[in-house]
Amino acid sequence: MTAYVDRQTTLADQVTLTGIGVHSGKPASITLVPAEAGVGIVFTRTDQENSTEVPALWNKVSATALCTVLGDPSSEGVATVEHLMAALFGMGVDNLIVEIDGPEMPVMDGSSVAFVEAIEQIGLKRLDRGRRYLKVKKTVRVDNGTAWCELHPYHGTKFDITIDFDTPLIGRQQFSSDITPDVFRDELSRARTFGYVKDVEQLWKMGFALGSSLENSVAIAEDKVLNPEGTRWPDEFARHKALDAVGDLALAGLPILGLYRSYKGGHKMNHAILVKLFEDPSAFEIVESPAFRKVGQVDKGGIAAAAAFGPDVS
């Protein structure tokens with residue numbers, strides 16, 4: 001059962017993490033700065049004199065190819081936000097300013113565990129305002145060939161993610177669980193991103209995976225894992241896709257009360273389901289803990305603002 005929180009939260013203090021961007025291959029540093037109630041999660045570039053703050057919201061997504069990008073990549077945009085967003089969602093952080101010194105988040109070890117450890121080390125601060133949730137009221141679905149995803153009404157927060165790869169090493173795998181801080185930390189946070197060695201040269205030509213290595217990715221070649229330590233779970237691939245889904249759906253702007261199911265999904269489908277949800281105001285409502293009192297729909301300037309990109313944008 002999902003553990004509900006009655007008050008909004010932020011971090012008790014600021015913390016800095018450094019690494020490299022998995023796609024850019026360049027050094028990257030972020031500082032997580034506590035924020036007041038109602039701020040939400042906001043990214044700001046410290047390498048630009050007049051950087052515009054970019055809210056971590058679905059209608060700010062500009063690209064979903066291999067990672068999730070917020071804002072304009074040529075100016076204030078930030079790439080590969082999903083692993084941090086998953087950690088914030090999973091560990092119950094509602095309000096935070098993310099200061100970043102470049103266009104891409106540090107990939108750390110390819111999972112969310114470094115962010116989770118930082119959050120647990122610093123601790124959370126409860127704020128003097130009730131926590132709000134986005135409650136799914138009716139099922140919405142997106143199809144894309146054989147792939148599909150759905151949001152269903154549910155009494156908690158649950159992710160049910162199935163992948164199906166045409167390789168014996170991965171094949172069909174499923175991760176399904178209610179998401180609580182304990183579940184996220186123990187069952188998802190350490191699941192790493194993965195990729196095929198045969199695709200690396202093409203990705204390099206496209207400007208992706210320039211910082212990818214065995215230190216931050218599970219590398220697959222001819223149906224075997226090249227990392228000396230192997231995988232962290234037999235189904236680490238499905239767990240990482242679930243981690244990505246948690247991070248992408250955190251861009252709803254509020255914790256979701258609902259069940260998210262996907263088959264052969266990814267960043268594009270995860271974004272598409274939020275677009276689909278917010279297209280129909282009758283499909284959701286905003287409620288406040290602890291009794292989940294309805295507080296109404298958000299206006300055009302809030303989390304349900306008109307989509308900047310439709311479901312087919314990648």
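Q: What makes strand S13 and S19 a pair, and in which sense do they run?
A: In this predicted model, five bridges join strand S13 (residues 147-152) to S19. Two strands pair if there are at least two bridges between them. Five meets that cut-off, so S13 and S19 count as paired. The two strands run antiparallel. Within this pairing, Cys149 stands opposite Ser262 in S19.

Q: Why is Cys149 called buried?
A: Its relative accessibility is 0%. Buried means under 20%. Cys149 is therefore buried.

Q: Why does Cys67 get the label buried?
A: Cys67 has 4% relative accessibility. The limit is under 20%, so Cys67 counts as buried.

Q: How many disulfides does the model have, and what is the rule?
A: The count is zero. A disulfide needs a pair of cysteine sulfur atoms within 2.5 Å.

Q: What makes strand S14 and S19 a pair?
A: Six bridges connect strand S14 (residues 157-164) with S19, in the parallel sense. At least two are required, so the strands pair. In this pairing, Asp160 has Arg261 in S19 as its bridge partner.

Q: What makes strand S11 and S19 a pair?
A: Two bridges link strand S11 (residues 132-136) to S19, again in the parallel sense. The rule asks for at least two, so S11 and S19 qualify. Lys135 has Leu257 in S19 as its bridge partner.

Q: What makes strand S19 mostly covered?
A: Strand S19 spans residues 256-263, and seven of its eight residues are buried. Buried here means under 20% relative accessible area.

Q: Why is the contact of Arg261 and Asp160 called a salt bridge?
A: The closest N and O atoms are 4.0 Å apart. The cut-off is within 4 Å, so the contact counts as a salt bridge. The pair links distant parts of the chain, with Arg261 in strand S19 and Asp160 in strand S14, 101 residues apart.

Q: Is Asp160 buried or exposed, and why?
A: Asp160 has a relative accessible area of 13%. That is under 20%, so Asp160 is buried.

Q: Why is Arg261 called partly exposed?
A: Its relative accessible area is 28%.

Q: Which residues are linked with Asp160 and Arg261 in a network of salt bridges?
A: The network also holds Arg141, Asp143 and Glu150. The whole structure has 18 salt bridges.

Q: How do you know that Arg126 forms a salt bridge with Asp6?
A: Their closest N and O atoms are 2.7 Å apart. That falls within 4 Å, so the pair qualifies. Arg126 lies in strand S10 (residues 124-130) and Asp6 in the segment before strand S1 (7-11), so the bridge ties together parts that are 120 residues apart in sequence.

Q: Why is Arg126 called exposed?
A: Arg126 has 54% relative accessibility. Asp6, at 32%, counts as partly exposed.

Q: What makes the meeting of Asp186 and Arg185 a salt bridge?
A: The N to O distance is 3.1 Å. The limit is within 4 Å, so the pair counts. Asp186 is partly exposed at 42%. Arg185 is partly exposed at 26%.

Q: Which residues make the nonpolar surface patch of about 220 Å²?
A: Val197, Leu214 and Leu226 make the patch. Leu214 lies in the loop between helix H4 (200-205) and strand S17 (218-221).

Q: Why is Leu214 called partly exposed?
A: Leu214 has 39% relative accessibility. That lies between the 20% and 50% limits, so Leu214 counts as partly exposed.

Definitions and conventions. Residues numbered from 1 in each chain as written. Predicted model: local features only at pLDDT ≥ 70, side-chain atom pairs only at ≥ 80, totals over all residues. Heavy atoms only, no water. Buried < 20%, exposed > 50% of the residue type's maximum accessible area, 1.4 Å probe, protein only. Patch = residues over 30% accessible without salt bridge, like charges linked within 9 Å, V, L, I, M, F, W, Y side chains within 5 Å. Areas by Shrake-Rupley, 256 points an atom, 1.4 Å probe, with all protein chains shown as cover. Salt bridge = Lys/Arg side-chain N within 4 Å of Asp/Glu carboxyl O. Helix = DSSP H or I, 4+ residues; strand = E, 2+ residues; numbered from the N terminus.
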